[in-house]
Amino acid sequence: MTIPFSNNNEREAFFLISSQPVVGSLDGTSATDKKMLTHADNNKYIAVVNDGYRVVENHEILIPLQNQMVKYFDQSVLEDVQIKDVIGSNYRSSYSEYIFPRINREIGYSNGGKTTFGLRYIMKNTFDGSGSVVLYGGAIDFFCTNGTIVGEYDVTRRRHTRNFSVDGFMQAFDKSMERFNWTMDLYQKYADTKIKKFDEIEKLFETLTGKPDGGENNRESKRQSLSDKLVSQYASEAVERGANVFSVMSAMTHYASHTDGFALRGKSDETTLYKRQDRVTSWLNSKVWNDFVESVAA
């Protein structure tokens with residue numbers, strides 16, 4: 001069997017971490033309970049963490065993950081797996097995304113159009129003590145590359161401690177496949193549910209984002225609010241997909257996946273898009289969204 005992950009040595013995600021003591025520049029005093037993490041090749045500073053913090057290198061997670069993919073999925077499914085690595089600023093976080101074009105479902109719109117969603121996984125790791133290793137199961141719209149997270153799976157069983165172990169990938173694959181199919185059924189229901197009143201959408205986005213600032217800036221008087229941008233994006237989506245709940249959702253997933261109309265600001269980097277996907281997932285799991293779907297379907 002041909003393993004489709006032959007480019008591991010060329011991937012930026014496989015960088016290594018070094019640690020060294022934290023020493024005061026004035027008198028040489030060492031911090032006994034802290035250590036400094038740096039990039040092993042260029043010695044770039046990453047973070048100061050507790051001495052007990054166990055660095056989990058990306059290769060410790062991604063190699064077992066890929067080996068389990070080879071065991072779990074048919075060879076034909078693995079032939080055209082698409083891999084994308086995104087490294088955060090100062091190497092403090094990384095996201096490795098695997099897209100499976102051959103595991104897909106078609107969604108038909110209320111206006112007669114259609115799109116195809118594919119299965120994807122995202123492995124998130126951090127190197128500054130800010131969080132655990134997390135595997136996300138998700139879906140990607142091949143028509144417009146909108147990405148969604150449809151499940152979060154704890155396969156590491158530990159945070160960054162000395163007892164860290166990688167386990168449970170196979171069970172996570174089972175759960176994510178079930179969740180993917182369930183989600184596609186739900187998206188089809190969204191596509192079949194027409195929107196009758198435009199003001200319902202405006203109210204929804206205002207509530208979800210907390211207008212006026214949408215949680216992203218404090219100078220709303222000088223620029224369009226996130227809520228207003230989402231309304232504008234819905235109008236664009238409705239042209240292609242019809243005036244339905246699916247188009248409302250697509251406006252949000254576009255915000256989570258693209259910078260056109262939703263530019264990154266300040267010190268943001270490409271990892272911000274994955275953080276936005278987390279945010280949109282919370283919106284889609286909220287009572288506000290569920291109430292909206294029920295009200296327009298009535």
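Me: In the largest nonpolar core, which residues touch the most other members?
Reply: This is a predicted model, in which local features need pLDDT of at least 70 and side-chain atom pairs count only at pLDDT 80 or more, while totals for chains, interfaces and linings use all residues. Side-chain values use heavy atoms, with hydrogens and water left out, and residues are numbered from 1 along each chain as its sequence is written. A nonpolar core is a set of buried Ala, Val, Leu, Ile, Met, Phe, Trp, Tyr and Cys residues joined through side-chain atoms within 4.5 Å, where buried means under 20% relative accessible area, exposed over 50% and partly exposed in between (1.4 Å probe, protein chains only). The largest such core has 74 residues, and those touching the most other members are Met69, Phe100, Phe205 and Trp289.

Me: Leaving aside neighbours within four places in sequence, which residues is Phe100 in contact with?
Reply: Contact means heavy atoms within 4.5 Å. Once its neighbours within four places in sequence are set aside, the residues in contact with Phe100 are Met69, Phe73, Val77, Leu78, Val81, Gly118, Leu119 and Tyr121.

Me: Why is the pair of Phe117 and Tyr187 tilted?
Reply: Rings of Phe, Tyr and Trp (its six-membered ring) pair if their centres lie within 6.5 Å, and planes under 30 degrees apart count as stacked, over 60 as edge-to-face and the rest as tilted. The centres of Phe117 and Tyr187 are 5.4 Å apart, and the pair is tilted because its planes stand at 55°.

Me: How many residues apart are Phe117 and Tyr187?
Reply: Helices (H or I, at least four residues) and strands (E, at least two) are DSSP runs, numbered from the N terminus. Phe117 is buried at a relative accessible area of 2%, and Tyr187 is buried as well, at 4%. Phe117 belongs to strand S6 (residues 114-126) and Tyr187 to helix H3 (residues 169-192), so that the pair links distant parts of the chain, 70 residues apart.

Me: Which ring pair cluster includes Trp289?
Reply: Ring pairs link Trp289 into a cluster whose members are Tyr109, Phe117, Tyr187, Tyr190, Phe246, Trp289 and Phe292.

Me: In the open sheet of 3 strands, which strands stand at the edges?
Reply: Two strands pair if DSSP finds at least two bridges between them. The order of the sheet is S1-S2-S3 with antiparallel pairing, and S1 pairs with strand S2 (residues 30-39) over 6 bridges. Because each has a single partner strand, one side is left without a neighbour in the sheet for strand S1 (17-23) and strand S3 (45-50).
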